[in-house]
Amino acid sequence: MSRIIYIPFDQLNVEYGAMKVAVKEVDQIVLIESQRMITGRKWHKQRLQFLISSARHFASELSDAGWQVTYLKAATTVDGLREIQKLHRGHELVCATPNSFRLKQALAQFGVTFVENDFFLTSQSLFELWAEKQSSFTMENFYRAQRKRLNILMEDGQPFGGTWNYDAENRLPPPKEHDWGLPAEFTFDEVDIQVTAELPKTSWGELNGKTWATTRVEALEQMANFFEHHFAAFGPYEDAIPSQSWSAHHSLLSPYLNNGLLHASEILQAALARFANGDIPISSCEGFIRQLIGWREYINGMYWFLGEEYRDNNHLDAQRQLLPLFHDSSKTRMNCVSSVVSDIQERGWTHHIPRLMILSNLALLTGVSPQEFLDWMREVFIDAADWVMVPNVIGMATHADDGVLMTKPYAAGGAYISKMGQFCKTCVYNPKKRTGDDACPYTTLYWDFLDRHAETFSSNHRMFQQMGGLRRLSNLPEVKARAAQVLAGLDEGVI
């Protein structure tokens with residue numbers, strides 16, 4: 001019997017999800033462009049353009065391949081499905097399990113039949129089997145279990161190369177002279193241009209060229225470019241923040257993984273095949289694969305395992321409103337923050353270290369509401385799926401979950417940013433100073449943060465060294481006074 005196969009905008013793959021059970025001759029493939037999705041938030045222009053254009057391209061490609069396809073604009077997803085049902089009465093409505101709690105609940109209430117979501121290498125049930133056996137949810141333990149289960153970089157039951165990870169080799173700062181290369185480049189086609197013309201005026205950010213692929217062919221071009229020109233140097237410089245390159249040697253594949261244009265299995269096989277050539281350092285191969293089969297799968301698993309209420313955690317009682325600088329890079333004199341926010345405004349992306357150690361670190365140290373920061377991260381990043389951002393922001397970025405994911409907060413002063421970036425030499429603030437008008441706000445706020453939460457962190461054994469440093473601080477009153485000035489200045493957009 002004919003069915004209605006609903007394809008969300010983050011499941012754009014003909015071989016996975018509900019498409020794997022679809023029958024070309026009888027089933028109706030449906031994609032819905034929800035106006036609530038488009039106008040419900042102040043989304044980044046590039047995020048909207050990428051998601052909508054990718055979906056329209058996918059629908060067109062399916063139609064060209066002989067599928068019966070309906071691409072419908074509607075007020076909401078459910079409204080669109082209701083309209084489709086009127087045209088195809090009595091047809092079963094089928095969808096792969098959605099990637100967010102909200103959509104899963106809405107579709108379940110509407111009577112949709114779910115098939116297995118296989119856009120990840122680890123099913124929810126398999127992840128639960130692992131999580132239920134853990135006394136603490138350490139990603140490294142999960143990653144090692146993944147390596148064994150998938151038999152990736154293993155040799156006679158042991159990790160290939162003799163060690164599980166090469167983090168110690170993958171922390172090089174950006175050198176003064178280095179060829180960072182370029183990502184693949186793309187050109188707007190008619191679909192891209194039409195989508196761009198329809199974007200709401202309320203959207204944020206810039207869209208001056210086509211940074212992101214909107215077809216599978218283009219996504220494959222980006223993948224090929226990474227493995228040919230960037231894979232070898234990825235590991236050593238994966239934490240570096242060079243001023244000469246916005247992408248460094250990162251793959252830029254997360255958006256395509258997260259909307260379905262690429263699948264983790266094909267990226268994994270491509271990485272292993274490239275490594276087999278013998279000219280890729282094990283540190284680069286292992287570091288990349290750890291992100292793919294370790295961190296990405298772990299974050300998705302924890303999103304579902306921790307439940308929908310997890311996003312409401314606020315263990316440190318952070319209540320500050322989102323700082324003006326997050327929306328306007330001119331609202332700060334901090335060179336690192338201004339540069340990173342400018343990059344996001346221009347492309348909707350920056351790699352994991354600026355996200356964690358510049359943006360999230362600042363939100364943590366200033367006490368920005370985790371939920372406000374989560375909303376902002378969801379809105380501005382090209383790859384910001386709900387399952388990605390909720391655990392990353394609530395657990396890792398803002399330590400709002402009392403250490404469920406991370407046993408200590410990712411708080412740092414200006415020294416780390418000075419080491420891994422190239423911002424400080426041209427900045428008005430000095431990362432070595434914690435008091436005075438030219439003291440780096442990160443350095444000042446780091447000590448103020450520890451003092452504000454001293455009682456909370458005093459029982460955390462992983463914070464022993466930091467709390468010892470706080471107790472030895474000779475000028476804490478002056479630091480706290482400067483911190484108050486910094487916080488007021490950040491609220492006003494003048495620091």
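**Helix packing and buried sites**

Modeller: In helix 18, residues P441, T444, L445, W447, D448 and D451 meet L476, V479, K480, R482, A483, V486, L487 and L490 of helix 21; contact means heavy atoms within 4.5 Å. Helices (H or I, at least four residues) and strands (E, at least two) are DSSP runs, numbered from the N terminus.
Colleague: How do the residues of that contact divide into nonpolar, polar and charged?
Modeller: Nine are nonpolar, one is polar and four are charged. Here Ala, Val, Leu, Ile, Met, Phe, Trp, Tyr, Cys and Pro count as nonpolar, Asp, Glu, Lys and Arg as charged, and the others, Gly among them, as polar.
Colleague: Before going on, what is the basis of the model?
Modeller: This is a predicted model, in which local features need pLDDT of at least 70 and side-chain atom pairs count only at pLDDT 80 or more, while totals for chains, interfaces and linings use all residues. Residues are numbered from 1 along each chain as its sequence is written, and side-chain values use heavy atoms, with hydrogens and water left out.
Colleague: At what angle do helix 18 and helix 21 cross?
Modeller: The axes of helix 18 (residues 441-452) and helix 21 (residues 476-492) cross at roughly 115° and come within 9 Å. Axes are lines fitted to C-alpha atoms, for helices over the stretch in contact, and angles run from 0 to 180 degrees between N-to-C directions.
Colleague: Which term describes helix 18 relative to helix 21?
Modeller: Helix 18 is roughly perpendicular to helix 21. Angles under 35 degrees count as roughly parallel, over 145 as roughly antiparallel, 65 to 115 as roughly perpendicular and the rest as oblique.
Colleague: And where does helix 14 meet helix 18?
Modeller: M357, I358, N361, L362, L364, L365 and T366 of helix 14 meet Y442, L445, Y446, F449 and R452 of helix 18. That contact divides into nine nonpolar, two polar and one charged. The axes of helix 14 (residues 352-366) and helix 18 come within 9 Å, crossing at roughly 45°, so helix 14 is oblique to helix 18.
Colleague: Turning to the core, which residues touch the most other members?
Modeller: In the largest nonpolar core, of 142 residues, these are Y256, Y298, F326, L362, F373, W376 and Y442. Helix 12 (residues 282-306) gives the most to this core, with 10 residues. A nonpolar core is a set of buried Ala, Val, Leu, Ile, Met, Phe, Trp, Tyr and Cys residues joined through side-chain atoms within 4.5 Å.
Colleague: What does Y298 touch?
Modeller: Not counting residues up to four places away in sequence, Y298 touches F127, W130, F137, T138, M139, F142 and L405. A second, separate core of 15 residues includes A74, V78, L103 and V112.
Colleague: Is V112 buried or exposed?
Modeller: V112 counts as buried because its relative accessibility is 10%; buried means under 20% relative accessible area, exposed over 50%, partly exposed in between (1.4 Å probe, protein chains only). V112 lies in the loop between helix 4 (101-110) and strand 5 (113-115). Its C-alpha atom is separated by 9.1 Å from that of Y6, 106 residues apart along the chain.
Colleague: And what about D192: buried or exposed?
Modeller: D192, in helix 7 (residues 190-198), is buried at 0% relative accessibility. Leaving aside residues up to four places away in sequence, D192 touches Q49, S53, H57, T187, K210 and T214.
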